[in-house]
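Q: I would like to learn how to read some features of a protein model. Could we take them one at a time?

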Amino acid sequence: MSIAPWSEPRGIDAVLAGWQEAGSVRRCFTAERSVAPRPGRFEPLPADLVPGLARALVERGVQELYSHQREAIDAARAGRNVVVATPTASGKSLCFNVPVIDALARDPEATALYLYPTKALSRDQEHGLLELTRAAGLALAGAVFDGDTPGDARRAARERSRMVLTNPDMLHAGILPSHARWASLFQGLRYVVLDELHTYRGVFGSHMAHVLGRLRRIAEFHGSHPVFLCATATIGNPREHAARLLGVTPEDVTLVDRSGAPAAGREVYVYNPPVVNEELGIRASSLKQAVNLAGDLVLARVPTIVFGPSRNSVEVMLKYLRALVGDAVPPDAIMGYRGGYLPETRRKVEAGLRNGEILCVVATNALELGIDIGDLDAVVCAGYPGSVAGTWQRFGRAGRRGGRSVAVLVCSSNPLDQYLAREPFVLLDAPAEEARIDPGNVEIVIQHLKCAAFEAPFTLSAAGPKAAHPAPAVGEHFLGLDTTGTRDALEYLAGHGLVHAAAGRYFWSGEAFPASNVSLRNVGWDNFVIVDLATERTLAELDFRAAHTMLHEQAIYQHDADQYQVERLDFDNHKAFVRRVEPDYFTTALTYRSVTVIEERRLGTLGRARTGFGDVKVIEKVTGYKKIKFFTHENAGYGDVHLPEMQMHTTSFWLTLPEAVLDELDTPRALVVDALRGIAIALETVASVALMCDPRDIGRTLGDGEDEGAPPGRDPTARRTGGFDPTLFLFDAIPGGVGLAERLDERASELMGHAADLIASCHCTGGCPGCVGPSDAEGNRKVLALRTLRALGLAEPERRSA
């Protein structure tokens, strides 16, 4: 039956039908997949649960458990460490809440500690946990302990709470250093719940492994040996990752990864925006295309979440979406959600999503995690999130209550996005990436060893004065070190006056509070506060790094689709003063990045190119800003920025084009450097896919040797840092590195071959976002990139027609 022209289409089916009928939309779908619904597998509730808990579960509609829930609960109650690795919305919370509540109801001395990666998630989970205990008729006190907890509530949490919900930062700096005040928690600690395990990766995860090691040490100090209950979204190595975080062997962790939860049907689309400039291979803005698709869903009253790649993009899309739907949808039914919003603002949005008052939310990855946001039916991702696991985590935010859902990935102009647009089944059929950490990072080990010594003395035999061959140490050991390594590290600290040995024990003797100088997430402790000059009230907060790009003077700071101009930045006191304005543009920061090699660990050759791997210092500085017109995205001008530079020590792989090869190309030097920049883009793309890592974890930059510096005492024109040897750097974009640059160096030949193939097989003529990036006016970046690779012996010779 045809639809009357005056009827307003409603629901997912109407939107999908409209997309298929609209050729302009259908032509942009590079992949469509229907994920069939899956029936559930069920098991009965354990017969020996405390009666009140069993009754509460039945009253809440849980007459049976999903099979994976029962498996996890049985393992936890048997005292085994567990990691549950099942999809989003599979009921993982019951896997740990049931054994925790059951154990605490049976033993009045037992306690539990819940760890969540964000404050918002711990607040969200507190509601469900306490609601279940109340429904069970159990007087189990529980409380969130974080930076937002008032003083009196903190005392109550320490003295009376048997279930404490917190985050890694507060555990690290607020609980472990003052563990004597938390004696009742640690003495009875039965379970430690570690949710969203997949977020503990990279340097953050490496720090987290040490925080958990310190937690186990303090628990043992107080006489308890807790069981760890972990939950994660789908990753490639859940058991191994959990084992490394917990400091145990994989055999000591029970893996539960066969989900018994039913899954609703899902329609998945990969959408590549239309080409708007054939010569340069430029496509329409992914932000505007995502807004157009989301607008269709919102106007059809489909509850929707739109994910943006950055805080600024979230605000831009929020403004565009509200303008697109006009009066058809109230502005407060479309809200933003991102880091920087004050806690009360975030909680208001979360509540609005749960009760249905908010129809659409535009968010950063802050809403990727398991916060309960009610019934959503559609997900639109503006840009590839950086990982297969992250993509499906976002897609899983819709259809959480069992209804049919739709998920759309709108590819941006980034090379990796364009690669996935051409090869969408790399995304749709690829396994989830592995989570990687490096708890053996020496800098991290020393930082947490100091924290551990502050918390409790180490007991092990001292080396003795000037022993030529000291006997093996006997006693306790620290995470990642054997007893002898632990003793040697403590002797190192003793040599710096931070600990002293006495009677077989090492005591902290430093004056400083060590945890206060260790940031788990490698950002400054102090956020920048944003003050509205009109009201003199705090508008929002931003972390130290984001402040450089979003709060420089004359920046347009966007908040809830409103614009504020930064009138003054008090950098020393971490305050930005803003005034409400109505410009027709927003600003984006321009940054300069340079690399200095600190230590060369390995040097080699690849064809005629020189390669290296080692420790580097990366300097990043915001030098200016660009004004971008709303809606048209035209450049509207530039401005200067004067802020201190940011430094990071990490590891890098580098590849140098020798000057002799440069001369042979007989091409202007600037064009060869530009071609090398294109090669770096292609290499970063294939490396992200081959190493199965988030592309944001790899940084790239280019240097000609003049601004790269050289190690002290070395001729700056020699070897790699020669005056005119163009060099590309691909480095770990995480302080200290997590091994990506080293793996790049190990697989350099293979990856350079893939990069050459990517460039040569691209259908463009002179360069596009899918291979080497858009070419210049002469259209020669791709051609020259291939010539350069052939001159280096890193690409197949050009085939000549007969």
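Predicted model: local features only at pLDDT ≥ 70, side-chain atom pairs only at ≥ 80, totals over all residues.

Q: At what angle do helix α16 and helix α22 pack, and how far apart are their axes?
A: Helix α16 covers residues 415-422 and helix α22 covers residues 669-690; they pack at about 60°, and their axes are 9 Å apart. Angles of 65 to 115 degrees would count as roughly perpendicular, so α16 and α22 are classed as oblique to each other. The crossing of α16 past α22 is right-handed.

Q: Which residues meet where α16 and α22 are in contact?
A: From α16 come Pro-415, Leu-416 and Tyr-419, and from α22 come Ile-681, Thr-685, Ser-688 and Val-689. Sorted by class, this contact has five nonpolar residues, two polar ones and no charged ones.

Q: What describes a pair of aromatic rings?
A: Two values do: the distance of the centres and the angle of the planes. This structure holds 20 aromatic pairs. In one of them, the ring centres of Phe-96 and Tyr-114 are 6.1 Å apart and the planes stand at 75°. An angle over 60 degrees counts as edge-to-face, so that is the class of the Phe-96 and Tyr-114 pair.

Q: How are the rings of Trp-654 and Phe-729 placed?
A: This aromatic pair is tilted, with 6.2 Å from centre to centre and 50° between the planes. Trp-654 belongs to strand β30 (residues 646-656) and Phe-729 to strand β32 (residues 727-732), so the pair ties together parts 75 residues apart in sequence. Trp-654 and Phe-729 are both buried.

Q: Which residues do ring pairs link into a cluster?
A: The cluster consists of Trp-19, Phe-29, Tyr-269 and Tyr-271.

Q: Where does His-633 lie, and what does it contact?
A: His-633 sits in the loop between β28 (609-629) and β29 (635-640). With neighbours within four places in sequence left aside, its contacts are Ser-285, Lys-288, Tyr-320 and Ile-628. The relative accessible area of His-633 is 24%; buried would require under 20% and exposed over 50%, so His-633 is partly exposed. Its C-alpha atom is separated by 28 Å from that of Ala-733, which is 100 residues away along the chain.

Key
Residues numbered from 1 in each chain as written. Heavy atoms only, no water. Axes fitted to C-alpha atoms, helices over the stretch in contact; angles between N-to-C directions. Helix = DSSP H or I, 4+ residues; strand = E, 2+ residues; numbered from the N terminus. Parallel < 35°, antiparallel > 145°, perpendicular 65-115°, else oblique. Left-handed = near helix turned anticlockwise from the far one by under 90°. Contact = heavy atoms within 4.5 Å. Nonpolar A, V, L, I, M, F, W, Y, C, P; charged D, E, K, R; others polar. Phe/Tyr/Trp six-rings, centres within 6.5 Å; stacked < 30°, edge-to-face > 60°. Buried < 20%, exposed > 50% of the residue type's maximum accessible area, 1.4 Å probe, protein only.
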